[in-house]
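Please look at the sequence and the model as they come up.

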Amino acid sequence: MTQAPILYSFRRCPYAMRGRMALWVAGETVELREVKLSDKPPELVEASAKATVPVLVTPDRVVDESLAVMRWALGRNDPEGWLAGDDNELIARNDGPFKRALDRYKYPTRYPDEAGGDEETFRLDHRTHGLAFLTDLDERLGSSTYLCGSNRTLADIAIFPFIRQFANTDRDWFDAQGLPHLQEWLETHLSSDLFKAIMPKFDPWKSGDEPIFFGPGDPT
């Protein structure tokens, strides 16, 4: 039996989500090791000094950045043509300024020096910063079903988990915004078979546990 790559992951992490979705659509089966972020296994730290998920350990390399995991998987097999929508500029906006606004909107107590004693104003200011990106995405989706055309691609999957997290911070507020195209796009991803397939719950992994093989096929 061929040794399956090992994937250190955390179910609710948006970076790990996009890695798992790319691996799944590429037909890659991995040995999944669910990580408890407050108690990371030493094997994860040994594999990657960053010790942030996802980390993919293959027989010949360690891939410890989520977009690199996506591109590694799709470079091996890209049945839906996701790499045609590898929009670096759009993904960089998501991973840079939008993610910064998301973190401060969702977790304002983590930034007391920046908040200056007024966490609620700080939080809402960053919600407004994030909304600007959402508005741009909604406009873009007004002329195409997905971010790079009529089919989902890498850009959609790389960005979707972060939009999900932003929306879930205050779902009533998000649903009340005039973002019909983005809201439909988000619901399409949330209800997809792909997203459902990569979201089962597993107990945190520890050394000696029986391996959990995760993917659309078997590891042979």
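Predicted model: local features only at pLDDT ≥ 70, side-chain atom pairs only at ≥ 80, totals over all residues.

Leaving out residues up to four places away in sequence, L67 touches R18, I91, D95 and A158, where contact means heavy atoms within 4.5 Å. L67 is found in helix 3, residues 66-76; helices here are DSSP runs of H or I with at least four residues, strands are runs of E with at least two, and both are numbered from the N terminus. With a relative accessibility of 10%, L67 counts as buried, a word I use for under 20% relative accessible area, with exposed for over 50% and partly exposed in between, using a 1.4 Å probe and protein chains only.

Residues are numbered from 1 along each chain as its sequence is written, and side-chain values use heavy atoms, with hydrogens and water left out.

P54 lies in the loop between helix 2 (42-47) and strand 3 (55-57), and the peptide bond leading from V53 to P54 is cis, with omega near 0 degrees. The loop between helix 2 and strand 3 also holds A51, whose phi is near 55 degrees, a positive value in a residue other than glycine. A51 counts as buried, at 7% relative accessibility.

What does A26 contact, leaving aside its neighbours within four places in sequence? The residues are A73, L74, N77 and P79. A26 itself lies in the loop between helix 1 and strand 2 (30-34), and at 4% relative accessibility it counts as buried. A26 and P216 are 190 residues apart in sequence, yet C-alpha to C-alpha they are 9.0 Å apart in space.

Let me turn to the cores. In soluble globular proteins, nonpolar side chains tend to be buried together. A nonpolar core, as I use the term, is a set of buried Ala, Val, Leu, Ile, Met, Phe, Trp, Tyr and Cys residues joined through side-chain atoms within 4.5 Å. The largest such core has 49 residues, and those with the most contacts inside it are I163, L182 and W185. Helix 7, residues 154-169, gives the most to this core, with nine residues. Apart from this core lies another, of 11 residues, among them C13, A51, V55 and W205. As for W185, not counting residues up to four places away in sequence, it touches L141, T145, Y146, L147, D156, I159, F160 and I163.

Next come the aromatic rings. Rings of Phe, Tyr and Trp (its six-membered ring) pair if their centres lie within 6.5 Å, and planes under 30 degrees apart count as stacked, over 60 as edge-to-face and the rest as tilted. By this rule the count comes to 11 aromatic pairs. For Y111 and F122, the ring centres are 6.4 Å apart and the planes stand at 40 degrees, so the pair is tilted. Y111 lies in the loop between helix 4 (88-106) and helix 5 (112-115), and F122 in helix 6 (residues 119-141), so this pair ties together parts that are 11 residues apart in sequence. The rings of F160 and F195 have centres 5.1 Å apart and planes at 85 degrees, so that pair is edge-to-face. It links distant parts of the chain, with F160 in helix 7 and F195 in helix 10 (residues 193-197), 35 residues apart, and both residues are buried. One aromatic cluster is formed by F98, Y105, F133, F166 and W173.

The charged end of R104 sits over the ring of Y111, 4.1 Å from its centre, the criterion being NZ of Lys or CZ of Arg within 6 Å of the ring centre and within 35 degrees of the ring normal. Likewise, the charged end of R110 sits over the ring of Y107, 3.7 Å from the centre of that ring.
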